[in-house]
Amino acid sequence: METPGSQSSLHRANLERVVRAVRMAGSLTQAEIARTTGLSAATVSNIVRELKDGGTVEVTPTSAGGRRARAVSLSDDAGTVVGVDFGHSHLRVAVGNLAHQVLAEEAEPIDVDASAGEGFDRAEQLVKRLIAETGVSPDKVVGVGLGVPGPIDAATGVLGSSSILPGWAGTNPREELASRLSVPVHVDNDANLGALGEQVWGNGRGAADLAYIKVASGVGAGLVINGQIYRGPGGTAGEIGHITLDESGPVCRCGNRGCLETFTAARYVLPLLHSTHGTDLTMARVVRLASEGDPGCRRVIVDVGRHVGSGVANLCNLLNPSRVVLGGDLAEAGDLVLDPIRDSVARYAIPSAARQLTVAPGTLGGRAEVLGALALVLSEMDETRGLGR
């Protein structure tokens, strides 16, 4: 029997620390495991040998700093995870394993705003089809990560704002999808998942404190503090789109005037160009035209960057992150949007906070949220899975 403080209890805890470190990184050398967990090299070596003998991890030769090393990753058959990302106009699903390999991925257009029932039907069908196509046994699926474009009540799992997805009012996305797929489902908003995706897979790797800014039909921020997503007690942390920039500005959907969102979100920005560029514009097309030199589109992108920078400056003053990652279509504009963000930060943020901040584009593009959904499952999994009892 294991008792608190016993050798067997300590050994089990060390096993779990190693497994979690490898699972969240995808692959680590034994030296990296020791640095990440704080365990001695000898302890790590013994644990890796035990996990390898039990079939939990695989060890392959590699090199690190010009020296031979051994890379440790979880076994291919240790389990499968699924990510589901609902955007306002798309559904994206990915299937991966615990070694961070994406086995299948597909996106399709869908009007998520219209009907929650249709969205869940399409998600269920796509998940089951991709699992079948990969040849993975359904009983190997250990969990599903689900992203939705709105705040989730942390206590109940219910979508927190009916003004963002009116067709989903009162729904519990976690329970709905779990009942359809018969596996545990972990749910979060799209900005938080974008932050997780960039932290684990993209331009946020190595940053313990970062903010992921997503500008689409709304504006949100996913916040990582001390390596963990910060959601707040009600699940609404990071709603920087509702920082007030102008008390006499346009009325926002939240009921206030002059929110950051009313100066930066696609639904407010695109109409500025309708008279010269037509009404079928998308933010992706505006970014493309701006990169080709269109003066109107360039002006709009620069203005959006300047306003987003004001929100980022507020984050700097409050939380002092070391890195801000810009996601979504805007990131494709590169320095055209990043430079005005940096300029606003330099103007409005506390100088010491501004100096420590790096503003960078996301590297995952439209995949950030679905990869973040995979990472969400990896972070929420039971540490003892596969270790025996």
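F120 is buried, with a relative accessible area of 2%. Buried means under 20% relative accessible area; over 50% is exposed, and in between is partly exposed (1.4 Å probe, protein chains only). This is a predicted model: local features need pLDDT of at least 70, side-chain atom pairs count only at pLDDT 80 or more, and totals for chains, interfaces and linings use all residues. Residues are numbered from 1 along each chain as its sequence is written, and side-chain values use heavy atoms, leaving out hydrogens and water.

The structure holds 3 aromatic pairs. Rings of Phe, Tyr and Trp (its six-membered ring) pair if their centres lie within 6.5 Å. Planes under 30 degrees apart count as stacked, over 60 as edge-to-face and the rest as tilted. The ring centres of F86 and F120 are 6.1 Å apart and the planes stand at 90 degrees, so this pair is edge-to-face. The pair links distant parts of the chain. F86 sits in strand β4 (residues 80-86) and F120 in helix α4 (residues 116-134), 34 residues apart. Helices (H or I, at least four residues) and strands (E, at least two) are DSSP runs, numbered from the N terminus. F86 is also buried, at a relative accessible area of 0%.

W168 lies in the loop between β7 (141-148) and α5 (173-181), 48 residues from F120. W168 has 0% relative accessibility and counts as buried. Ring pairs link F86, F120 and W168 into a cluster.

## Where α1 meets α2

Two packed helices are described by the angle between their axes and the distance between the axes. The axes of α1 (residues 7-25) and α2 (residues 30-37) come within 10 Å and cross at roughly 110 degrees. Axes are lines fitted to C-alpha atoms, for helices over the stretch in contact, and angles run from 0 to 180 degrees between N-to-C directions. α1 and α2 are therefore roughly perpendicular to each other. That term covers 65 to 115 degrees; under 35 is roughly parallel, over 145 roughly antiparallel, and the rest oblique.

Which residues make the contact of α1 and α2? α1 supplies R17, V18, A21 and V22, and α2 supplies I33, T36 and T37. Contact means heavy atoms within 4.5 Å.

## D190 in helix α6

D190 lies in helix α6 (residues 190-201). D190 counts as buried, at 14% relative accessibility. D190 touches V148, P149, G150, K214 and E369, not counting residues up to four places away in sequence.
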